[in-house]
Amino acid sequence: MTSDFVMDRIPIAVSSCLLGQEVRYDGGHKHNAYITRTLGEYFEYTAFCPEVAIGLGIPRPSIQLVKVGDEIRVRGSKDPQLDVTDSLRAYAQSIIPALDGFCGYIFKKSSPSCGMERVKVYHPNGNPVTSGRGAYADVIMQALPELPVEEEGRLMDPVLRENFIERVFVYHRWQQFKHTGITAAGLVQFHTEHKFTLLAHDETVYRELGRLIADAGKANLEQLALDYIRRLMQALCKPATRKTHTNVLMHIMGYVKEGMTSEDKQELLDILEKYRLGQVPLIVPITLLKHYLRRYPDEYIQQQVYLNPHPEELMLRNSL
């Protein structure tokens, strides 16, 4: 068990305007300092602007999602004759192979091309009627359901921020594992290391993937690995809660309690209860558990990613 993250920066795709590039329809940008400065210490960004890539100029006429019959099109806000739906979708399809090896994508919120959710959809008469997903983002997300994605606005929410970054680091470990060559034994080991991480998010999928991995030596390994990572990453999209974290922490305590004194056990139980009630952040019981694991080591628990899912310097567990 270690908190050291010695690695090259993780490759992440990002909407160009979030890096400060002046590519928006009005010639401006939407620079996000948290993305470039804080996450930039760990992420290596490659910028994409699909609207510029398909030939729309800077500045350019604004576009919006429009419901036309049963279909949602991307049209000019003022000129309905401007329709870039097919161009945006075709560009997204063209770059999917280039995204192989990336460990996440940060999209621009509310964008008719890049928004991942709750983008306004208008009636041809100009009235908003519903919400949807940007045309470009929709193709990427459907083609690569295992790829961690998020919007810059949602990254300001501490729970969603921690969830996205945790998924990025899990997927980065998966990419490293895949690069070395997928084996049945390696897949079992990867799952073992991420068991408690998964349990904190979705107990049902935790049990399902346990059964799936049990067939690692029998089934088509390539297909099984794809099924596994897609189901794992989908399950991790479900944010962990104080209740599920407490459940995992109690499981971990069960592995180390035999060596603990009665005073040790009571101290840890008291902290776990305070965490469950929202009186202390997650970092407090985690730190105490690590203290006891140093005194009473357990090989199985020490290999669990759950205890060190991302660099401590990101301070993510201080707000959960």
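Predicted model: local features only at pLDDT ≥ 70, side-chain atom pairs only at ≥ 80, totals over all residues.
1. Overall dimensions and composition. The protein has 320 residues, of which 48% are buried, and its secondary structure comes to 13 helices and 8 strands. Taken along the principal axes, the box filled by the C-alpha atoms is roughly 75 × 45 × 35 Å.

2. Contact separation. Among the contacts in the protein with a separation of 6 or more, 67% are accounted for by residues 24 or more positions apart.

3. Nonpolar cores. In the largest nonpolar core there are 89 residues, and those with the most contacts inside it are F43, Y105, F107, Y136, I140 and Y306. Apart from this core lies another one, of 9 residues, which includes I63, V84, V119 and A135.

4. Surroundings of Y136. Y136, one of the residues with the most contacts inside the largest core, touches F48, P50, L88, Y91, A92, I95, Y105, F107, S113 and C114 once its neighbours within four places in sequence are left aside. Two of these partners, Y105 and F107, are themselves named among the residues with the most contacts inside that core.

5. Packing of α11 with α12. Helix α11, spanning residues 262-276, packs with helix α12, spanning residues 283-295, at an angle of about 160°, and their axes are 9 Å apart. Because angles over 145 degrees count as roughly antiparallel, α11 is roughly antiparallel to α12. The crossing of these helices, α11 and α12, is left-handed.

6. Residues at that helix contact. On the α11 side the contact is made by D264, E267, L268, I271, L272 and Y275, which meet V284, P285, L288, L289, Y292 and R295 in α12. Sorted by class, the contact of α11 with α12 has 9 nonpolar and 3 charged residues, with no polar ones.

7. Burial of α6. Within helix α6, which covers residues 184-193, the buried residues are G186, L187, F190, H191 and T192. The elements that cover these buried residues include α5 (158-180), α7 (195-199), α8 (203-213), α9 (221-236) and α13 (299-302).

8. The loop residue D100. Where is D100 found? D100 is in the loop between α3 (85-95) and β5 (105-107), and with a relative accessible area of 57% it is exposed, since the threshold for that class is over 50%. Although D100 and Q175 are 75 residues apart along the chain, their C-alpha atoms are separated by 9.3 Å.

Note on methods: Residues numbered from 1 in each chain as written. Heavy atoms only, no water. Axes fitted to C-alpha atoms, helices over the stretch in contact; angles between N-to-C directions. Helix = DSSP H or I, 4+ residues; strand = E, 2+ residues; numbered from the N terminus. Parallel < 35°, antiparallel > 145°, perpendicular 65-115°, else oblique. Left-handed = near helix turned anticlockwise from the far one by under 90°. Contact = heavy atoms within 4.5 Å. Nonpolar A, V, L, I, M, F, W, Y, C, P; charged D, E, K, R; others polar. Core = buried A, V, L, I, M, F, W, Y, C linked by side-chain atoms within 4.5 Å. Buried < 20%, exposed > 50% of the residue type's maximum accessible area, 1.4 Å probe, protein only.
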